[in-house]
Amino acid sequence: MDADAIEEGRRRWQARYDAARKRDADFTTLSGDSVEPVYGPRPGDAYDGFERIGWPGEYPYTRGLHATGYRGRTWTIRQFAGFGNAEQTNERYKMILANGGGGLSVAFDMPTLMGRDSDDPRSLGEVGHCGVAIDSAADMEVLFKDIPLGDVTTSMTISGPAVPVFCMYLVAAERQGVDPALLNGTLQTDIFKEYIAQKEWLFEPEPHLRLIGDLMEHCAQKIPAYKPLSVSGYHIREAGSTAAQELAYTLADGFGYVELGLSRGMDVDVFAPGLSFFFDAHLDFFEEIAKFRAARRIWARWMRDVYGARSDKAQWLRFHTQTAGVSLTAQQPYNNVVRTAVEALAAVLGGTNSLHTNALDETLALPSEQAAEIALRTQQVLMEETGVANVADPLGGSWYVEQLTDRIEADAEKIFEQIRERGLRAHPDGRHPIGPITSGILRGIEDGWFTGEIAESAFQYQRALEKGDKRVVGVNVHHGSVTGDLEILRVSHEVERDQVRELGGRRAARDETAVRSSLDAMLAAARDGSNMIGPMLAAVRVEATLGEICDVLREEWGVYTEPPGF
Ligand SMILES: C[C@H](C(=O)O)C(=O)SCCNC(=O)CCNC(=O)[C@H](O)C(C)(C)COP(=O)(O)OP(=O)(O)OC[C@H]1O[C@@H](n2cnc3c(N)ncnc32)[C@H](O)[C@@H]1OP(=O)(O)O
């Protein structure tokens, strides 16, 4: 790009920056020197390929979505939390908010994630263990007791039974007197990554995609600020993928949801702002930063050029980041604080919109209160003390980071091509039921291609680790002395007993006829193809439980069994 074009871009950025709101904060270095909000080529210099880098706040958004970067608003500190029953988790949320957490993020227990009630025999021993137990709207009400849902953005990490859990959240808001139309938050919902990596699905892909389409429609029409999807690379990476695979599979999944919306006749500029993303921040500092920058650029280009998005928000890739759980070690666990800080810094330098930092004891158990607080403080140290929020995309223009960004983008494009080819093989006549990328994703799920590719990457890494080419402190080098006599959070089995008793009491007290007829109405909607959110909300309002709702649908749609892979 020639010098004049670069200057024109700088002027556009400056106008946007001047017009935008900035935080009332000190944007100087620790030594008191002032710094610019963004840096670029020196005036008068040309820069080959600068159109791929650009300025923050404009296409292709490589350098961030906002002209002000974190000067306008810092990233959201959003700590993923949940354990025991709704009451215990509610206490933890209040602790997080009282200590400066910017938003909430709900972790559910395994029965909830699988759409089972706490008194289901298959839930035995799991209730409240890896997250909070939620059986019906009454639990959701307790989960957010004294936390005004209209004032805090809340993320809920659930995908198989995402829609009924979302309905419980809406009903909890109604019971607080909050208009659901004003809610802002995120539901994970992303079912593709369940088949690809995490393996917590309920049905075949087709009914799941139908429910997701219903949800997208409902949110686009009735709850405009709410993000009904958090398309997740985190689980793909944690399963052992490379950074490029994480990026490409996740963005491809995102394209799949765009194709789903389009196939239902929705307007891309209306529904695409509801798609958000979720990535892992692993330990290779620069590769991760490059991954985040490439993600924004690829998404903006595909949304504009392939799917016809015109509005900024429909081209924006907004993402949450969690530091890499898989990078933490049970050996010398205090070192995990350092790993997490480095990973969090990569996320911030890559321009994350929201961030969770893992606690040092997470390889051993759910975080203790003290470990959770250190994790939260890690973000606050970065935010308040290090100056990283002063300048947007401070690594933009670094030869290394720009080349890594280009390389990871090129790697991702090759993977998109592979996915597209698989779709064509599935539908050689080019008639795709939802869209070409979706056909490729579904084919790759069906024939175990994604799982195989990830397993191969995980195997290569493990081999390098065992040969000593890759090193992990305390594991294959520098064994030794930083031992952990950590106090581990243990969830008492009394939680399960109490939850089951509570649920029994609630079942006895509710209007059974209303529950049965609401479930019948929901089943009728499942059969006639109408949007299922309304009937599901009605069932949730009369305290139908998660297990009951999911059982009706399991009965109707069947459960999915993964084809044998090896
Ligand atoms: C591993 C584990 C498991 O499975 O067990 C998990 O999955 S845990 C998974 C946990 N997942 C999560 O926690 C997902 C969290 N995701 C989210 O919170 C969302 O989807 C998100 C990524 C879009 C972040 O949303 P957010 O509200 O925190 O942040 P945003 O970036 O949207 O900012 C909030 C508002 O401020 C505006 N804003 C932000 N920065 C600026 C700026 N510099 N200038 C002007 N405006 C700005 C945004 O445009 C937006 O307004 P407007 O909206 O008007 O544009």
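Analyst: A residue is called buried when its relative accessible area is under 20%, exposed when that area is over 50%, and partly exposed in between, with a 1.4 Å probe and protein chains only. By this rule, 57% of the 566 residues of the protein count as buried. The model is predicted, so that local features need pLDDT of at least 70 and side-chain atom pairs count only at pLDDT 80 or more, whereas totals for chains, interfaces and linings use all residues. Residues are numbered from 1 along each chain as its sequence is written, and side-chain values use heavy atoms, with hydrogens and water left out.

User: Why is Thr-250 called buried?

Analyst: The relative accessibility of Thr-250 is 0%, and therefore Thr-250 counts as buried. Thr-250 lies in helix H9, residues 243-263; a helix here is a DSSP run of H or I with at least four residues, a strand is a run of E with at least two, and both are numbered from the N terminus.

User: Which residues are in contact with Thr-250, leaving aside its neighbours within four places in sequence?

Analyst: Contact means heavy atoms within 4.5 Å. Among the residues in contact with Thr-250 are Val-231, Ile-236, Phe-277 and Phe-279.

User: What makes the pair formed by the side chain of Thr-250 and the backbone oxygen of Glu-246 a polar contact?

Analyst: A polar contact is a pair of N or O atoms within 3.5 Å; within protein, one must be able to donate a hydrogen and the other to accept it, and residues adjacent in sequence count only if both atoms are side-chain atoms. A polar side-chain atom of Thr-250 lies 2.4 Å from the backbone oxygen of Glu-246. The side chain of Thr-250 also reaches the backbone nitrogen of Gly-233, at 3.5 Å.

User: Which residues are closest to the ligand?

Analyst: The ligand is surrounded by 27 residues, the closest being Gly-69, Thr-76, Arg-78, Thr-186 and His-235; a residue belongs here if one of its heavy atoms lies within 4 Å. An oxygen atom of the ligand is 3.0 Å from an N or O atom in the side chain of Gln-188.

User: How do you know that the size of the protein agrees with a compact globule?

Analyst: The radius of gyration is taken over C-alpha atoms, and the globule rule is 2.2 Å times the number of residues to the power 0.38. For 566 residues a compact globule would have a radius near 24 Å, and the protein has 24 Å, so the two agree.
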